[in-house]
Amino acid sequence: MPAAFTLTAAGQTDVGRTRSRNEDNFHADAAGRFAVVCDGMGGHAGGDVASRTAVETIVGLLDDATLIESRPGFSAYIGDDPEKTLTDPVEGEAAVQHALSVARRAVQAANERIHALNRQRGFAEGRGMGTTTVGFWRLPGGNRIVAFHTGDSRLYRLRDGELRVLTRDHSLYQIWLDNGGRGTPPQRNIIVRALGTGEEVEPEVALHALLPDDVLLLCSDGLNGMLPDTTIARILREETDCARACTTLIEAANTAGGQDNVTVVVARFGRSA
C-alpha cells in the first residue's frame with residue numbers, strides 16, 4: 001500500500017450522565033498504528049485500574065512489535081484483492097500468523113497483570129476487577145489491521161456508507177441470541193469473557209483489509225447501548241473529522257440518557273493531504 005495512504009485516529013471518553021466515576025480507558029495512537037478501548041468492571045474493586053493496566057500493557061507490547069515489523073523488507077500490503085493476505089502464500093501465512101499471535105499475546109499479558117493484581121489484593125478466582133478490551137493494530141506499511149477483543153466492547157467499520165460490526169460480543173445476551181433467543185432474555189451487560197477475572201483468557205483475533213475511505217470505530221457499550229447502529233452510521237458519515245466525530249457520538253449518547261461511561265475511538269483510512 002503506497003505511503004500516501006494513512007490511518008488517522010482520535011479518541012474521547014466521558015463519564016456519562018449517571019455514573020460517578022469513569023472506569024473506561026483508551027489509547028489512540030496519533031500515527032494510526034494502533035488503538036485500544038477498555039471498559040473496566042469492579043467499581044470499588046478497581047475497574048478503572050484494570051482498564052488502565054490493560055491499555056498500558058497492550059499498547060506497550062504493540063509499540064514494541066511495530067518497531068520490529070517496520071524492519072526493511074516487511075510488507076503488510078495485500079494487493080488489490082482485499083480478501084488476500086500476501087502474494088507469496090508461504091511468507092504470507094507466516095506473517096499473518098505472527099501478527100495474530102502478537103496481538104493475542106498482548107491481550108493475554110494484560111490479563112496476567114490484572115489477574116495478579118487481583119490475587120495480591122486477596123480476591124478469589126472470578127472476583128475483583130476486570131475489563132473488556134477491543135482494539136486494532138495496523139500492520140506497518142500496509143492496509144491490513146489485526147483486530148482483537150474480549151467482552152462486549154466493539155469494533156465497527158463504515159464502508160461505502162454501510163456500518164458493520166467486526167466483533168462479536170462475549171456476553172450472555174449474545175449467547176442467548178445465538179441459540180435462537182427463546183424465553184426471557186438475559187441482561188445485556190453480563191460478560192462471559194473479560195480480562196483479569198481468570199488466570200487465562202482467549203481473545204478473539206482477526207485480520208481485516210482496509211479500503212480507501214473506510215472508517216473504524218472502537219467503542220465501549222456506553223455508546224452502542226444508547227444509540228442504534230443507524231444513528232452511529234449517520235454520525236460517522238456526516239462527521240469526516242475524527243475528533244469531531246468522537247465528540248458528536250458522545251454527545252448523542254449522553255443526550256439519549258448517558259447511562260454508562262462512553263468511550264470512542266474513530267479512525268479514517270485514506271490518502272494523506
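Contacts in this chain, counting pairs with a separation of 6 or more, come 70% from residues 24 or more positions apart; contact here means heavy atoms within 4.5 Å. The model is predicted, so local features need pLDDT of at least 70 and side-chain atom pairs pLDDT 80 or more, while totals for chains, interfaces and linings use all residues. Residues are numbered from 1 along each chain as its sequence is written, and side-chain values use heavy atoms, without hydrogens and water.

Next, the overall numbers. There are 6 helices and 11 strands, taken as DSSP runs numbered from the N terminus: H or I with at least four residues for helices, E with at least two for strands. Of 273 residues, 52% are buried, which is under 20% relative accessible area with a 1.4 Å probe and protein chains only; exposed is over 50%, partly exposed in between. The chain exposes about 12500 Å², and 48% of that comes from carbon and sulfur atoms. Areas are Shrake-Rupley with a 1.4 Å probe, and for residues only the protein chains shown count as cover.

Now one hairpin. Strands E2, residues 24-28, and E3, residues 34-41, run antiparallel and are joined by 5 bridges; pairing takes at least two DSSP bridges. Ala28 has Ala35 in E3 as its bridge partner. Between E2 and E3 lie 5 residues, and Gly32 in the turn has a positive phi of about 70 degrees.

Last, one side chain. Val192 sits in the loop between helix H3 (172-178) and strand E9 (204-209). Why is Val192 counted as partly exposed? Because its relative accessibility is 45%.
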